[in-house]
Amino acid sequence: MRVIAVANQKGGVGKTTTAINLGTALAAVGKRVLVMDCDAQGNASTGLGVEPMARAKTSYDVLVGDGGMVDAIVNTKVPNLDLIPGDENLAGVETMLHNDPEKNFKLRQAFAAFVKLGRDYDTVLIDCPPSLSTVTINAMVAANAVLVPLQCEFLAMEGLSQILRTIELVRSGLNPDLEVQGVVLTMYDKRNNLSDQVATEVRTYLGSKVYQTVIPRNVRLSEAPSFGLPAILYDHKCSGSEAYIMLAQELMQRERERAAA
Ligand SMILES: Nc1ncnc2c1ncn2[C@@H]1O[C@H](COP(=O)(O)OP(=O)(O)OP(=O)(O)O)[C@@H](O)[C@H]1O
Ligand SMILES: [Mg+2]
């Protein structure tokens, strides 16, 4: 089970859109995928068509409750793709775990218990909240790798350095095996020079860690969640869907190379 945290402390950069559509593209080629919505906004759950009423147990229960993942898993309309929903209770995780000496290891323990039950997915994508909170740290401690969506905009580099520092910090103490899975440029606008400047700068700085595939700014990607559907089901031919399908291909290639090495 390969666990990938989709994280960036900056808000609105495409974490949730990436988790949903990358997850759907992987599921479409037969991978068994779990999306874990760890954000109190519950956007990944809504975007996958799981209404608040259908969120009996959520990531909050996994983090703060008994740690059981099995009861929290729900199916989605996407074949091969399951979800652990998120809800507003997640905003209270920080407070609830404040005095718990194991507070950063809750998710890792939950995954270990899940695997011990003989349960498995090929890929788990954790949709992180826009902060470097206890929830995000839990995701990074439980994960094998972090995928960082980066919006092609001014100050992108500053945000990037901050998340890379955090990953380094987690690696130096809590999870030495944590890798940077990759950086994916999002909301790329070819008519905007700034998009190109950011892309060039990030590639110069991080080289092959940056995915070749770039996610364009595409209104279909932002419309799809209101229909409770991943863009890839809503309109599989739009430029955004095509980009996420390519990103999935590139990710699988990268994962194969990594496994071979
Ligand atoms: N490539 C894109 N083109 C156009 N709109 C996009 C694109 N990617 C994301 N959006 C829209 O931008 C907004 C922010 O995206 P998203 O929710 O994926 O970001 P996020 O990083 O998860 O945000 P948050 O930090 O609040 O969790 C959403 O309205 C989404 O539909
Ligand atoms: Mg989000």
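## Around ligand 1

Let's start at the ligand: 20 residues surround ligand 1, and the closest are Lys15, Thr16, Thr17, Pro130 and Ser222. Please keep in mind that this is a predicted model. By residue type, the shell around ligand 1 consists of six nonpolar, 11 polar and three charged residues.

Which helices each supply at least two residues of this shell? They are helix 1 and helix 9 (219-223). Helix 1 gives the largest share, three residues.

## Helix 1

Because 13 of its 14 residues are buried, helix 1 is largely enclosed by the rest of the structure. After the helix comes Gly30, with a positive phi near 95°.

## Helix 5

In helix 5 (residues 106-116), the buried residues are Lys106, Leu107, Ala110, Phe111 and Phe114. These cover an arc of only 135° around the axis, so they sit on the same side of helix 5. The face turned away from that buried side carries the exposed residues Ala112 and Lys116.

Strand 1 (2-6), helix 3 (59-64) and helix 6 (134-142) are among the elements covering the buried residues of helix 5. Gly118 follows helix 5, and its phi is positive, near 85°.

## The nonpolar core

In soluble globular proteins, nonpolar side chains tend to be buried together. Here the largest nonpolar core has 76 residues, and Ala5, Val35, Ile126, Ala139 and Met140 have the most contacts inside it. Leaving aside neighbours within four places in sequence, Ile126 touches Val3, Ala5, Val6, Met36, Cys38, Ala139 and Ala143.

Note on methods: Residues numbered from 1 in each chain as written. Chains lettered and ligands numbered in written order. Predicted model: local features only at pLDDT ≥ 70, side-chain atom pairs only at ≥ 80, totals over all residues. Buried ≥ 20, exposed ≤ 12 C-beta atoms within 10 Å, placed from the backbone. Helix = DSSP H or I, 4+ residues; strand = E, 2+ residues; numbered from the N terminus. Core = buried A, V, L, I, M, F, W, Y, C linked by C-beta atoms within 7 Å. Contact = placed C-beta atoms within 7 Å. Near = placed C-beta within 6 Å. Nonpolar A, V, L, I, M, F, W, Y, C, P; charged D, E, K, R; others polar. Arc of directions from axis to C-beta.
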